[in-house]
Amino acid sequence: MKLLVIGCGQCGGRLADEFALMNKKARVLCGMDVLTNAIAVNTDVADLSGLTNIKSDFQHRVLIGSKKTGGHGVGKMNDVGAEIARSDGDKIVEAIRLTPKLVETDAFLLIAGAAGGTGSGSISVLTHMIKERYIDKPVYNMIILPFRYEEATEDRAIYNVGTCLKSAYMAADAVFLVDNQRYLKKNAPIRHNLAKINRMVVKPFYNLLCAGEETNAKYIGSKVMDAGDIIQTLSGWTVIGYGKAKTSRFEVNKLVDFREKSSDTSRGVQAMDEALGDLSVKCSPTEAKKALYLLTTNPKQMNMDLINDLSSTLKAMATEAIIRTGDYPRGQSNDVEITVILSELVNSRKVMDYFARTIDYINRAKKRQSGVEFDHGIGESFGDIPSLL
């Protein structure tokens with residue numbers, strides 16, 4: 001599957017930069033491209049200047065709203081970010097149009113941090129614009145949820161998250177949710193921490209995108225996980241996870257007896273458990289209506305017992321989901337890697353919590369302005385959350 005990735009704002013731009021690095025890795029190691037383009041969009045010149053893998057010309061690093069912001073950002077005001085995206089969105093559409101291999105794009109992926117200003121405000125507006133222009137290609141969003149300290153110290157951050165999530169859900173074909181707090185390592189330097197988080201967010205996509213673009217016959221799976229499978233799976237709120245079960249270097253190329261054969265299956269289930277335990281947002285697999293998993297390992301490790309056990313494990317947890325499977329026999333060792341996607345999540349508790357807190361923020365703001373107490377239920381008040389579209 002080939003994506004055209006657009007990073008909106010500082011957080012989105014850095015993740016788009018990480019996707020561009022991943023594409024370089026795929027080109028060097030596998031001789032393929034999994035991106036047709038990577039573009040960063042921002043209202044802040046400094047943020048655009050800090051990228052390293054996205055090309056530095058104005059068609060790949062797109063500055064918007066410079067007349068309004070002077071190139072210094074919107075200061076976490078996501079309604080201003082949305083307004084700028086509406087007025088300058090043609091710059092991004094033009095950058096997409098000039099992509100040399102645009103025809104090979106299977107889907108668009110727009111990325112933004114939910115608590116910020118530029119990314120939070122612009123992602124849904126740009127998604128809507130792209131969907132109107134390229135009606136035959138799905139447009140996905142990846143929304144990065146804030147750290148706990150941001151939620152605790154910045155009321156505006158909660159409001160931004162609520163409005164961003166609502167608007168993205170209305171505009172995109174599917175929304176990948178990523179909780180920054182899941183990847184946080186305490187006492188680590190902040191620069192190292194953020195760089196590692198970005199790598200961990202992007203890593204689960206590598207095998208998933210490469211599997212369908214493989215051209216070497218010996219690495220093509222018996223059940224290829226291609227763009228069609230992924231597109232049919234992605235819908236609504238979505239999470240992704242990755243797990244890996246390592247094999248001792250002394251076991252590789254060793255003649256396998258029946259006990260070790262059994263351990264191969266156990267490693268696969270271990271990797272599946274790790275992937276489900278390390279989803280990008282904590283959720284219950286029973287909430288998913290659609291799911292997929294991709295098995296990546298040495299071709300010698302591929303067997304029907306392993307596939308059956310993995311499928312049974314996922315089905316036992318995602319009991320309501322339609323499950324698609326695939327295998328990618330490109331592993332260079334006997335390590336077993338599993339990529340899992342759970343999609344069309346019903347009433348994600350994390351999202352509902354943000355909506356409830358956003359409504360509370362709006363009600364408190366109304367009370368301060370009018371002195372009247374507002375206390376509607378979430379169902380009645382959901383419409384009070386503004387849409388950025």
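A charge sits over a ring if NZ of Lys or CZ of Arg is within 6 Å of the ring centre and within 35 degrees of the ring normal. Lys 25 meets this rule: its charged end sits over the ring of Tyr 206, 4.4 Å from the centre. Arg 133 lies over the face of Tyr 134, with 4.8 Å to the ring centre.

A word on the source. This is a predicted model, in which local features need pLDDT of at least 70 and side-chain atom pairs count only at pLDDT 80 or more, while totals for chains, interfaces and linings use all residues. Residues are numbered from 1 along each chain as its sequence is written, and side-chain values use heavy atoms, with hydrogens and water left out.

Next, ring against ring. A pair of aromatic rings is described by the distance of the centres and the angle of the planes. Rings of Phe, Tyr and Trp (its six-membered ring) pair if their centres lie within 6.5 Å; planes under 30 degrees apart count as stacked, over 60 as edge-to-face and the rest as tilted. A search of the whole structure gives 6 aromatic pairs. One of them joins Phe 108 and Tyr 134, tilted, at 5.4 Å centre to centre and 40° between the planes. Phe 108 lies in strand E4 (residues 107–113) and Tyr 134 in the loop between helix H5 (118–133) and strand E5 (139–145), so the pair ties together parts 26 residues apart in sequence. Helices (H or I, at least four residues) and strands (E, at least two) are DSSP runs, numbered from the N terminus. Phe 108 and Tyr 134 are both buried. Buried means under 20% relative accessible area, exposed over 50%, partly exposed in between (1.4 Å probe, protein chains only).

Tyr 159 and Tyr 361 also pair. Their ring centres are 5.4 Å apart and their planes are at 45°, so this pair is tilted. It links distant parts of the chain: Tyr 159 is in helix H7 (residues 155–171) and Tyr 361 in helix H13 (residues 349–370), 202 residues apart. Both Tyr 159 and Tyr 361 are buried. Elsewhere, Phe 19, Phe 176 and Phe 205 make up one aromatic cluster.

Now the cysteines. A disulfide is a covalent bond between the sulfur atoms of two cysteines. Here the test is a pair of cysteine sulfur atoms within 2.5 Å. The structure holds 0 disulfides. Cys 11 is in none; its nearest cysteine sulfur, that of Cys 164, is 10 Å away. Cys 164 has its closest cysteine sulfur in Cys 8, at 9.3 Å, which is too far for a bond. Accessibility separates two of these residues: Cys 11 is partly exposed at 25%, whereas Cys 164 is buried at 0%.

Grid points are joined across faces, edges and corners, and a volume is the space filled by probe spheres set on the points.

The count is 1 cavity of 30 Å³ or more. The largest cavity has a volume of about 70 Å³. Its lining includes Phe 176 and Phe 205, two members of the aromatic cluster. Helix H9 (residues 205–211) gives the largest share, 3 residues. The lining divides into 11 nonpolar, no polar and no charged residues. Ala, Val, Leu, Ile, Met, Phe, Trp, Tyr, Cys and Pro count as nonpolar, Asp, Glu, Lys and Arg as charged, and the others, Gly among them, as polar.

The largest pocket holds about 800 Å³. It is lined by 38 residues, and Gln 10, Cys 11, Arg 14, Lys 76 and Glu 150 lie nearest its centre. H8 supplies the largest share, 6 residues. The lining splits into 16 nonpolar, 16 polar and 6 charged.

The second largest pocket has about 590 Å³. Of its 21 lining residues, the closest to the centre are Lys 25, Leu 29, Tyr 206, Asn 207 and Glu 337. Lys 25 and Tyr 206 are the charge and ring described above. H1 gives the most to this lining, with 6 residues. Its residues divide into 8 nonpolar, 5 polar and 8 charged.

Notes:
On a 1 Å grid over the protein atoms alone, a cavity is a set of points where a 1.4 Å probe fits but cannot get out, and a pocket is an open set with protein on both sides within 12 Å along at least five of seven lines; lining residues have an atom within 4 Å of a point.
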